[in-house]
Amino acid sequence: MSGSVASGTPASGSSSGRAPGTGGLHVENLRVAFDGVDAVRTVSFELAPGECVALVGESGSGKTVTARALLGLSGGTVTATRLALDDTDLTGLSERQWRGIRGPRIGLVQQDALVSLDPLRPIGREIDDALRLHTTLGAAERRERALEVLAEVGMPDPAIRRAQRSGELSGGLRQRALIAAALALRPDVVIADEPTTALDAEVHRVVIDRLARLRDEGTAVLAISHDLGAVRRLADRIVVMRAGEVVEQGPTAQILDAPAHPYTRALVAAVPAGKPRGSRLSVGGPTVQNSGRTGEKRAGSPAKRPNDQSSERVLEAHGLTRRFGTFTAVDDVSLTLRAGETLGLVGASGSGKTTTARLLLGLDSPDHGLVELLGAPWNPLPERERRPRRALLGAIYQDALSSFDPRMTVGRILVDALTNGKTTRIRAHAAQIDALLAEVGLPASVSSRLPATLSGGQRQRVAIARALAPRPRVLLCDEPVSSLDVTVQAQVLDLLDELQERHGLAYLFISHDLDVVRHVSDRVAVMSAGRIVEQGETEQVFSAPAHSYTRGLLAAASSAD
Amino acid sequence: MTILPELPVLPAAAPTRAAEWRSRVMAPRVVAGAVLLGVLAAAVAPGLLAPGDPLAVHPVDAFSAPSLAHPFGTDDSGRDLYTRVVHGASASLLIGVAATLIGTLLGLVLGIAAGVGTRLTDAAVSRVLEVLFALPGLLLALVIIAFAGPGPIPATLAVGLATAPGYARIFRTRIRAVRSSEMVEAARVLGRGPLTLLVRHVLPNALAPVVVLATLGVGQAIVWASSLSYLGLGSPPPAPEWGAMLEAGRTYLQIAPWMTVFPGLAIVATAAATTVVGRAFAGAGRR
């Protein structure tokens, strides 16, 4: 099925008769301004047919604005010394002319498949639209073509899926449908904006594979990503962006293995893969007190890790089972968390990780089983008796913002936590608030801000400060860094590590990101379909997995890297 | 719960967008604000805008068309319609505001009972609300007046009671949504009891839009109160009330249309202006 793509791509197809060597996308001194303020400036790169270039950088660095400018969708004022696709000049095109470029010449695979597909229209219709507008094919041919493209992207049962709407498809299938829609017109250039964000390891691999094959078949691929693992596998060259400018570009291996610019070095260092437990990920940043180099272990830290079997059991679960109707979300889960250690809980989405966390927090009651907090019964108790001991067990969540009262300033949120809810008046507690903010690396001025006005990393720091305020022994961390940029993720992970050492905290760390879990955990529990299929020392589980599910999970993740 | 993606900003130049925003969004708001200020001035100090007596009868001048002496014309008893419309503002506005207050307060009580109470209270209140919803609001008001008798105070009560179910339903839904939000769950994890959760987090967040809703409701209440007066169930005839004036002019629609046109315009303008201003508040609250 790959042959049909090759026949229509510019590398082998000579329908448009352009000379070899001039093909591809040329960007020289691209500048995009909004209301007179530059969002992107002096961006230059080349993208040849059959090549993949990755735009890499934090959110706000201008990656997406750049990509949208190449599609005439930026919404700002675009200027460039040269902006051309093959020999077509893309500067100063009218909206009408752009419509002839978008789709047939440059395709876009958007970030969020859930919102990028019309929920009311079958995916086959989306593909059909593109074909109807840009080709002269008849209805039967278009139908044929749609099935062909869906099969090319690895959509199972394309004839059935074609008639389904985005709501009826899983995240992975939706992403494939989006790619199919972009490929239907066989564009010369495909722009993929964070195509693997929020996908499971396995789906992630399929999407990367598909884009790699597209590149091998002669399409020029521009990938926008902050996932350096995916970038290493896919990209021939990398363009690193920061604050709207290109700071460094070059061949993938050179950029990732020998980065020249300090920012690129920070970006590469922040990736948790292959960094042992207790080593720093962030360069500089407000949490640094002992300015250690990244990747280096802090002196003496392994000795302080009380991961032997003698330290106090702070949280224990015995045979937890939770059913919703006939569906068993959590099935006979037992785990033990000791003071000062981190237990990682991994598994695909829907494997029961979050339900387990809710049972441990006492937000939901198990059908069977028992939870003990510091050796005393916890979950069979009524909420009234649990409440005085809730200070011992804190939690931080993936979406910090929605865990705050939007009407309360950071200062009031922290006073509420410090005084066990007795007051939200800041005055008498200003010193404590400043100390708490300093502990999580935030300036005292944050106190008067509303959480909505803070960045993602700052919000998660406030959430950590709030969780620390009542002096807990255990923190449940439910995907705490999953929605953060890799450099911010590194800072938050380092902060959590520091706080654990300082306060002897025990963490239950839930994540679908195996690299993150491997970096932070002393021990790991692997969940699948509500059961813990394997549990043990982190390195043992990752290097010699005993259960077939774990092996599959690791294989999918490593081939995606 | 956003289903649709945020639309990309269209590639229009900034100044034209600002100009368009001024003409399409701000202009109606300025006009509405001016109308509302005028109506408020008429309600507070009618004597300043129209020094005459709204009840003074001059049979000689009956059915005069609008002129310089009588800008809105006169009615069947020769009363100056401009004076009557100005003096009628206080009655209409008072009924509108009072009815909305009654409606929102009652709605708050019912909504909180359903949103906060046990499953049984919620079910009981919700069923009552559903029955009330089955009747058109104005019909409900008529039923209430049938029991209480006509007059401006029963009319106010009736409109207030008739609008309460709508408010109650909105507050119940909002309270339910906030109660099950992550923010309240996070507060529970911190050990907050049910009363603290309710007073500190649930009610303030759920009831924040009450002012906006009430502003939007005043316009509707004014129309309903006027409707009741038009049916002869509100203020009695000689009083300068806009609905009652409409009813008085109905008989002479062919020979003296100004008798209905001007009080009607006053009702429409006031209701529309409060709604536009209310929507502006609602928009500001969302941002």
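Visitor: Is Cys477(A) buried or exposed?

Guide: Cys477(A) is buried, because its relative accessibility is 0%; buried means under 20% relative accessible area, exposed over 50%, and partly exposed in between, with a 1.4 Å probe and protein chains only. Cys52(A) is likewise buried, with a relative accessible area of 0%.

The model is predicted, so local features need pLDDT of at least 70 and side-chain atom pairs count only at pLDDT 80 or more, while totals for chains, interfaces and linings use all residues. Residues are numbered from 1 along each chain as its sequence is written, chains are lettered from A and ligands numbered from 1 in the order in which they are written, and side-chain values use heavy atoms, leaving out hydrogens and water.

Chain A divides into domain 1 (2-269) and domain 2 (314-402 + 472-560), with bounds from an automatic or database domain assignment. Their contact takes 13 residues from domain 1 of chain A and 10 residues from domain 2 of chain A, where contact means heavy atoms within 4.5 Å. The C-alpha centres of the two domains are 36 Å apart. Together they bury about 1,000 Å², of which carbon and sulfur atoms give 53%; buried area is the accessible area (1.4 Å probe) lost by two parts on being put together, summed over both.

The interface of chain A and chain B takes 33 residues from chain A and 23 residues from chain B. Its buried area is about 2,300 Å², with 52% from carbon and sulfur atoms. Three salt bridges cross from chain A to chain B; one of them joins the side chains of Asp416(A) and Arg200(B) at 2.3 Å, N to O. On the side of chain A that touches chain B, two or more residues each come from helix H14 (353-361), strand S17 (393-396) and helix H16 (410-418) of chain A. S17(A) gives the most to that side, with three residues. Helices (H or I, at least four residues) and strands (E, at least two) are DSSP runs, numbered from the N terminus.

Notes
Salt bridge = Lys/Arg side-chain N within 4 Å of Asp/Glu carboxyl O.
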